[in-house]
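Okay, thanks for coming, everyone. Have a look at the structure on the screen, and I'll talk you through what I picked out.

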Amino acid sequence: MVKYYYRLKQVDIDGKFNYSEIRTAVLLEDNNKGIRIAPNPVVRTMQIYFSTAVESGEITIKVLDA
């Protein structure tokens, strides 16, 4: 099991911003083989690294809020 902590920064058109509460995302070991999110914690942007045994095809990544 891998636990990630994150919070979102919302920036308005006028430049004002606020942060969400800190949340956690837990990935079970069986489901996260080859998945890594960096940096942790995310500062401005995040990168998702993953590997798969499938040579071609479609992969969908969803970023959802609670």
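Let's begin with Phe50, which is found in strand β6. When I say strand, I mean a DSSP run of E, at least two residues long, and helices are H or I runs of at least four, numbered from the N terminus. Phe50 counts as partly exposed, at 41% relative accessibility. On that scale buried is under 20% relative accessible area, exposed is over 50%, and partly exposed is in between, with a 1.4 Å probe and protein chains only. Phe50 and Ile37 are 13 residues apart in sequence, and their C-alphas are 8.7 Å apart in space.

A word on where this comes from: it's a predicted model, where local features need pLDDT of at least 70 and side-chain atom pairs count only at pLDDT 80 or more, while totals for chains, interfaces and linings use all residues. Residues are numbered from 1 along each chain as its sequence is written, and side-chain values use heavy atoms, with hydrogens and water left out.

Ile61 sits in the segment after β6 (47–50) and is partly exposed, at 47%.

Pro39 is in the loop between β5 (35–38) and β6. Leaving out residues up to four places away in sequence, Pro39 touches Thr45 and Met46, where contact means heavy atoms within 4.5 Å.

Next, the rings. Which residues form an aromatic pair? Searching the whole structure turns up one such pair: Phe17 and Tyr19, edge-to-face, 5.8 Å centre to centre with 80° between the planes. Rings of Phe, Tyr and Trp (its six-membered ring) pair if their centres lie within 6.5 Å; planes under 30 degrees apart are stacked, over 60 edge-to-face, and the rest tilted. Phe17 is partly exposed at 47%, and Tyr19 is partly exposed at 42%.

Both rings have a charge over them. Arg7 lies over the face of Tyr19, 4.2 Å from the ring centre, and Lys9 lies over the face of Phe17, at 4.3 Å. The test is NZ of Lys or CZ of Arg within 6 Å of the ring centre and within 35 degrees of the ring normal.

Last one: Tyr19 is in strand β3 (residues 17–19). Beyond its neighbours within four places in sequence, Tyr19 is in contact with Arg7, Leu8 and Lys9.
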